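Subject: Structure for you to look at

Hello,

The structure I promised is below. My notes follow it.

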Amino acid sequence: TEPWHSLAVDSIKFAPRFLRWRGFSKEEIYNFRFAEIRMKYRRLGKSSLCIFTPDFLKDPRSAVQKLYDFKPDYLDGRVTIILELARFIKNLPEEERPTFRFVLTHGEKISHTQREFIKSALKCVDLYDHYGLQEVGDIAEDCEKHQGLHINEALFMVEVIDKNGKR
């Protein structure tokens, strides 16, 4: 077999920093299975599942079945879509509900109430928010304190500008 580092490029490259902050090793992260619901389909590797947002909206039961069968450790998606997923799953019988260790959200502000509803409905350990761009990856991520995002200073320099355009 190939060494873990040559196989893990897809998993490690896109792995959220919160996994490392929680103490997971590169080997453990490599073995994580992750799923995402997104507008643009992408294939990241054999340990990932990508559900196209229009497919989820058209047939949520089929998307949920894919998640249930795949058994991802974490799920990533826009707040609105994850809320829709949580509402759908909450109405399913307990034995048909997929579960996730962690959920990641992006693209929209998430409230405390939304966070708690998603965690409860999806039976996840915790929910993290992150900000990034598809072209460059995560620029900032939430931590377990959920008091703001931490800028990935090793890779990005972020300029803060007020509403008047001043630094």
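Which residues does aspartate 129 touch, not counting residues up to four places away in sequence? They are Thr105, His106, Glu108, Ile110, Glu141, Asp142 and Leu149, where contact means heavy atoms within 4.5 Å.

Some ground rules before the rest. This is a predicted model, in which local features need pLDDT of at least 70 and side-chain atom pairs count only at pLDDT 80 or more, while totals for chains, interfaces and linings use all residues. Numbering starts from 1 along each chain as its sequence is written, and side-chain values use heavy atoms, with hydrogens and water left out.

Aspartate 129 lies in strand S5; strands (E, at least two residues) and helices (H or I, at least four) are DSSP runs, numbered from the N terminus. At 14% relative accessibility, aspartate 129 counts as buried (under 20% relative accessible area; exposed is over 50% and partly exposed is in between, with a 1.4 Å probe and protein chains only). Its C-alpha atom is separated by 8.9 Å from that of glycine 107, 22 residues apart along the chain.

Seven strands form an open sheet with mixed pairing, in the order S2-S1-S3-S4-S5-S6-S7; two strands pair if DSSP finds at least two bridges between them. S2 and strand S7 (150-151) are at the edges with a single partner strand each, so one side of each has no neighbour in the sheet. S1 runs parallel to S2, joined by five bridges, and parallel to S3, joined by four. Phenylalanine 34 has serine 48 in S2 as its bridge partner, and glutamate 36 stands opposite aspartate 76 in S3. Five of the five residues of S1 are buried: Phe34, Glu36 and Arg38 point one way, Ala35 and Ile37 the other.

The core and helix H8

The largest nonpolar core has 26 residues, and Leu67, Leu75, Leu85, Val103, Ile118 and Leu122 have the most contacts inside it. Such a core is a set of buried Ala, Val, Leu, Ile, Met, Phe, Trp, Tyr and Cys residues joined through side-chain atoms within 4.5 Å. The elements giving two or more residues to this core are S1 (34-38), S2 (48-52), H6 (60-70), H7 (79-90) and H8 (112-122). H7 supplies the largest share, seven residues.

In H8, the buried residues are Arg115, Ile118, Lys119, Ala121 and Leu122. They pack against S3 (74-78), H7, S4 (102-106) and S5 (126-133). Lysine 123 follows H8 and has a positive phi, near 50°.

Regards
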